[in-house]
Amino acid sequence: MKFVDEVEIRAEAGDGGNGCVSFRREKYVEFGGPDGGDGGDGGDVYLVADENLNTLIDYRFERFHRAERGQNGMSRNCTGKGGKDLFLKVPVGTRAVDVDTGEQVGDLTTHEQKLMVAKGGWHGLGNNRFKSSTNRAPRQKTDGTPGEIRNLNLELLLLADVGLLGLPNAGKSTLIRSVSAAKPKVADYPFTTLVPNLGVVRLNAQRSFVIADIPGLIEGAAEGAGLGTTFLKHLERCRVLLHVVDVMPVDESDPIENAKTIISELERHSEKLADKPRWLVLNKLDLLLEEEAEEVKQEIIEALDWQGEVFSISAFNKMGTEELCAQLMDFIEALPAEEEESVEEKAVEFKWDTYHQDAMSEHDEDDDDDWDDDDDDYWDENVVYTKE
Ligand SMILES: Nc1nc2c(ncn2[C@@H]2O[C@H](COP(=O)(O)OP(=O)(O)OP(=O)(O)O)[C@@H](O)[C@H]2O)c(=O)[nH]1
Ligand SMILES: [Mg+2]
């Protein structure tokens, strides 16, 4: 099964419009000069981050995206219109990678951030550009250059502060439902959650954080069992992970063994992720008597040799969840501000920077000749303006 947080698209920038060869044809104008206009530049393709989107699902149905071609130049020195740029909206957190070269084109991390992914072609030059004192009736022109075409892999890395980890049915979705406005589906069967969910936990107007609920992991997930570990990459940028453990699994499995499974899958998946701050959250405490609860907690801590934070909650009854969120907020605020991952906004290298100069110099027979407007007078002398 494929998930919507990774898609491949093809971005095609518009070709540049061709230059035009044309001569002025008018009554009483015997030697109407060249008047072929330049073409228009091709449109570029951009990705634009939009905080109102949270999946890449639309791109699964529409893979090809093409910006407009530049119009060809026309007679009477009319320049062709530039092709319209194409703006593709993607969720904040999207990363674009060039499939063919493996190059990371860029990350979109803030709302309305724009990233050019394919540059439109340059316009061709009309024959008017090539006139000179030695060649007054040039038939040269240049064609527009092709627009850039890129196959891109778009990957959505959810930007959450807190990530939830756990076996299916541990109660991750129930937890995110009880602490945020997010309403992912909750059910008493495994793999209820198939796509990641984000929720905003708001302590008050100024203090909030984002929590991510991902599908459950099972033994062998690192090898692809269940839904695999692909979702773990969504947790890469989290500040802290919550390992949710069901203390009373319906299948009567051992909570300690279950917790160990998650820890080993995590370690097998990525050392970096396993080294992230991780808190143990024992869930479904409402199913235990108070005195049992403490005992079970101690057993688990001992068996896992757990040194970090431990919370006992009931996601269902919202027991202990407020305290958990308050502590999470304090923890996140106490962390040094995250270094802005320096996203190098590389200017897209443009292969044709010298294209026009090269085209011109090939035809430039007279060095002193300035083909710009200055010697237009030459033609004007011969022009008689009449109605046709
Ligand atoms: N008694 C009790 N039941 C709970 C609690 N939290 C969750 N449950 C139940 O446990 C079952 C699974 O909960 P989910 O929140 O869907 O579990 P999940 O971890 O999101 O599961 P997947 O999405 O399949 O990975 C549901 O039937 C919930 O009602 C709790 O605190 N107490
Ligand atoms: Mg779930």
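Reader: How do you know that strand E1 and strand E8 pair?

Author: In this predicted model, E1 (residues 6-12) and E8 (residues 149-156) are joined by 7 bridges in the antiparallel sense. Two strands pair if DSSP finds at least two bridges between them, so E1 and E8 count as paired.

Reader: Which residue in E8 stands opposite Glu8?

Author: Asn153 is the residue opposite Glu8.

Reader: What makes E3 and E6 edge strands?

Author: The open sheet has 5 strands in the order E3-E1-E8-E5-E6, with mixed pairing. Strand E3 (64-66) and strand E6 (104-108) each pair on one side only, so they are its edges. From one strand to the next, the twist averages 25°.

Reader: Why is the set of 40 residues called a nonpolar core?

Author: A nonpolar core takes buried residues of listed kinds, Val, Leu and Ile among them, joined through C-beta atoms within 7 Å. The largest such set here has 40 residues, and those with the most contacts inside it include Val162, Leu164, Ile211 and Val244. Among the elements giving two or more residues to this core are strand E9 (162-166), helix H2 (172-179) and strand E12 (240-246). E12 gives the most, with 5 residues.

Reader: What is Val244 in contact with, beyond its neighbours within four places in sequence?

Author: Its partners include Leu164, Leu165, Leu175 and Val281, as well as Lys172 and Asn283. Contact means C-beta atoms within 7 Å.

Reader: Which residues does the second core include?

Author: Val45, Tyr59, Val92 and Leu152 are included in that separate core of 22 residues.

Note on methods: Residues are numbered from 1 along each chain as its sequence is written. Chains are lettered from A and ligands numbered from 1 in the order in which they are written. This is a predicted model: local features need pLDDT of at least 70, side-chain atom pairs count only at pLDDT 80 or more; totals for chains, interfaces and linings use all residues. A residue is buried if 20 or more other C-beta atoms lie within 10 Å of its own, exposed if 12 or fewer, and partly exposed in between; C-beta atoms are placed from the backbone. Helices (H or I, at least four residues) and strands (E, at least two) are DSSP runs, numbered from the N terminus. Two residues are in contact if their C-beta atoms, placed from the backbone, lie within 7 Å. Axes are lines fitted to C-alpha atoms, for helices over the stretch in contact, and angles run from 0 to 180 degrees between N-to-C directions.
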